[in-house]
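Visitor: Hello! Could you show me how to read a few features here, one at a time?

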Amino acid sequence: MEETVKKMKRKRDFGKNAFSKWLIHYKGMSKEDIRKGFLNNLEYSIAKDRYTLTLYDQFLSLSYTVRERLIERWIASHQRYHYKNAKRVYYFSMEFLLGRLLSDNIMNLGLTEECKEAMNDLDLNIEDIFDQEHDAGLGNGGLGRLAACFLESMATKQLPAVGYGIRYDFGIFNQKIVNGYQQELPEFWLQYRNPWEIERPEYKMTVKFYGKTVYYTDIYGMNRVKWIDTEDIFALPYDIPIPGYCVNTVNTLRLWSARAAEEFNFQYFNSGDYIGACTEKLSSENISKVLYPNDNNISGRELRLKQQYFFSSASLQDIIRRFRSNNPDFGSFPDKAAIQLNDTHPAIAIAELMRLLVDDYFIDWDKAWDIVTQTFAYTNHTLMPEALEKWPVGLMRHLLPRLMEIIFEINARFLRHVSYKFPGDTDRLRRMSIIEEGEEQQVRMAYLAIVGSHSVNGVSKLHTRLLEEGLVRDFYEMWPQKFNNKTNGITQRRWLYKSNKPLRMLINETIGNSWTKHLFDLKKLESYGNDSSFLERWRQAKMEAKEIFIGKIRKWDGIRLNSNTMFDVHIKRIHEYKRQLLKVLHCIYLYNMVKSKSSKIITPRTVLFGGKAAPGYYMAKLIVKFINNVAGVINNDPDMHDCLNVYFLPNYRVTLAEYVIPAADLSEQISTAGTEASGTGNMKFALNGALTVGTMDGANIEISEAVGKENMFIFGLNAQEVEKVRHGGYRPLDVYNNDIELKQVIDLISSGFFSPEEPHLFLPIIDSLLKYGDRYLVLADFRSYVNCQNQLEQLYRDNPLQWTKMSIHNVANTGFFSSDRTIEEYAREIWNATPVPIDLDS
């Protein structure tokens, strides 16, 4: 053992010496260095001259130039981590919604002006170059964007960290609106070169599927298990550098791509079966082909489970490889690795680490389980029971037979502990079992994650409380010490500094730029809340952001907007609980007010929707069509000119959000109370000075605590009232009959006014509200919502000075909502991880 440790120390010393010898010629950071690097890459990396140069070539060349400067810091970071044998954080997520990286990387390196000036010297427009980059749509929404913010904050806080996920060939689909309907088009983000990734074939891993298990006794008389006759797939890693802001730390996002263990079958080929010769390759590589395959059928469910196990197994093997390069004994594994599960998708990793430790490294069960539970932590992101993943036992036994055996054993041992703590409570045993009994046994993946982790956290105060009191109450009663809250956050670098130049410049000129690393420093803005000159400049900055967005959306989609109207924005994944439907009903209410020549003055308003509906989610796709039809009627009615306009922004994505959020006056956060775990869009809007209209749901509650309810517009039932209404015999038909204006709205829809060619097209929406119980209480909250909207639009119209003061107050009090704060809490309270500063000169 001592000799092993000495060898490892010598290896680390060699790494340090090599590190100091190799990295002695750093790439320059001046404008001239960038210009020379750009031209050099154009010729020698892309092989282009001025006659064949395209805009995309310009993007590639500038990206390679920036990447060279990242790589120096990347190597230095990992050499330092290795030499110190530092504890690393491993963030497992099925989604990483990165968005564009070039402008972000330039900003984090502190090269914004240098790159801009270097391109100007070459008569190139850097904004045009930025627009060439495709969004890396490796996520569906908030979950993936949160993961991206967390990676950036981990690097900025100088924490050694690696993100693990899947390198999907096709990310979240491109959305096209055809005749009002959503049409999904493949999003092949890899059709052109991705300049940020580096393939690492030397670290490929083998992942097993199918087969069977055999039991045997080893030479020491110990009972062992082998998983044999498997179908093997290679996991090939691609690394993307993740730089921190104005530090030398560059961490890694490692994405796995599936490759066939047998690329080509010559036996099939020689017999004339040319298709069969490639069948295994095609089948294997389907695993990393598409983000979230439709799981409404058996093959789709199997592929989804394959994806989850594929990246979890490859990542764990990679972590163990890295751990063993510096550590001789697995007893220290939890001291060197903290694995965070981002929702239930990677929960299979708990059983897989047990398999690796017990079957491959021959560690006894109890010691292995102790290692597992000290290593894993689990973040829950949903309050909806139907969203907690379950897998049929039959499917898992077929696909992952050894994993299914391990889960059964975990469950049996766990239930014994439950019975000791709660003797005779058989109903509790049934409720808490990882295996759900029924017509078809199911594996409850969230329960596996809770049992196998030392920490379970929610993502807002309300969400965590509802988890503890409702969804997983039994587990909270068993292990209250496991449960904690970590309210989500966003990175202010991307969501204000980079996205909102007019506001950034005003803030920096007024209070300096320390807020980019310490968001609480925005509090200094409060002292300017009564400065008439500053208030006017704030309004000008907001108007400039509107004009920038208007220019972009006109260029992208041909939509023409009026900046002299209130920009009322609802951009989220399309789902009934997020209540796009409530916003549309309000649009129709406003339409009716104008058409009736009501004495009520309507504040000129532009309502902007954006979001994608899951391809298999019928009601969500019908809501997209409904929004577009209502928009078509309103926008083509001459009476609505400069009074009310409604638009659906196609193909909502990170880049679109970076333009629309700074332009927003009003942020719609109107989910049914008790359904949104946290939300981060609410934080992004508040950070950019939009005022929030919302329910007391998710992080809206904490935003109201930070900025004060008097600086928001709160409406609707709270979570407790929602439960009371649902269990008190809620009758939506009574609400409809007792509210004349609501009835007018519903009746106009029912009459076919918004779909004259198909009068019954939107009947399923009406039925969901009146006939099938109005699950998300749209009608119950309608009157409160309308009253709240009437109040806020009067303020916007009649007292713009007060609106501006509220906007400043919102921005000044968003310090708590930085992902830097969230990451510091994870590091201190869950991961026990400490920063490792990187000094390029050491």
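Guide: Gladly. A nonpolar core is a set of buried Ala, Val, Leu, Ile, Met, Phe, Trp, Tyr and Cys residues joined through side-chain atoms within 4.5 Å. Keep in mind that this model is predicted.

Visitor: Which residues touch the most other members of the largest nonpolar core?

Guide: In general, nonpolar side chains tend to be buried together in soluble globular proteins. Here the largest nonpolar core holds 143 residues, and Leu62 and Trp831 touch the most other members. Leaving aside residues up to four places away in sequence, Leu62 touches Ile34, Phe38, Leu102, Ile106, Cys115, Met119, Ile126 and Ile129. Another core, of 67 residues, lies apart from it; Leu581, Leu585, Val594 and Leu717 are among its members.

Visitor: Is tyrosine 220 buried or exposed?

Guide: Exposed means over 50% relative accessible area. Tyr220 has a relative accessible area of 69%, so it counts as exposed. You will find Tyr220 in the loop between β9 (212-217) and β10 (223-228). Together with Ile219 and Met222, Tyr220 makes a nonpolar surface patch of about 430 Å².

Visitor: Now a sheet, please. What is the order of the strands in the open sheet of three strands?

Guide: Two strands pair if DSSP finds at least two bridges between them. In this open sheet the order is β15-β17-β16, and the pairing is antiparallel. β15 (390-392) and β16 (435-436) are the edge strands, each pairing on one side only. β15 is joined to β17 (residues 442-444) by three bridges, the two running antiparallel. To see them face to face, look for Pro392, which stands opposite Gln442 in β17.

Notes. Residues numbered from 1 in each chain as written. Predicted model: local features only at pLDDT ≥ 70, side-chain atom pairs only at ≥ 80, totals over all residues. Heavy atoms only, no water. Patch = residues over 30% accessible without salt bridge, like charges linked within 9 Å, V, L, I, M, F, W, Y side chains within 5 Å. Areas by Shrake-Rupley, 256 points an atom, 1.4 Å probe, with all protein chains shown as cover. Salt bridge = Lys/Arg side-chain N within 4 Å of Asp/Glu carboxyl O. Helix = DSSP H or I, 4+ residues; strand = E, 2+ residues; numbered from the N terminus. Buried < 20%, exposed > 50% of the residue type's maximum accessible area, 1.4 Å probe, protein only. Contact = heavy atoms within 4.5 Å.
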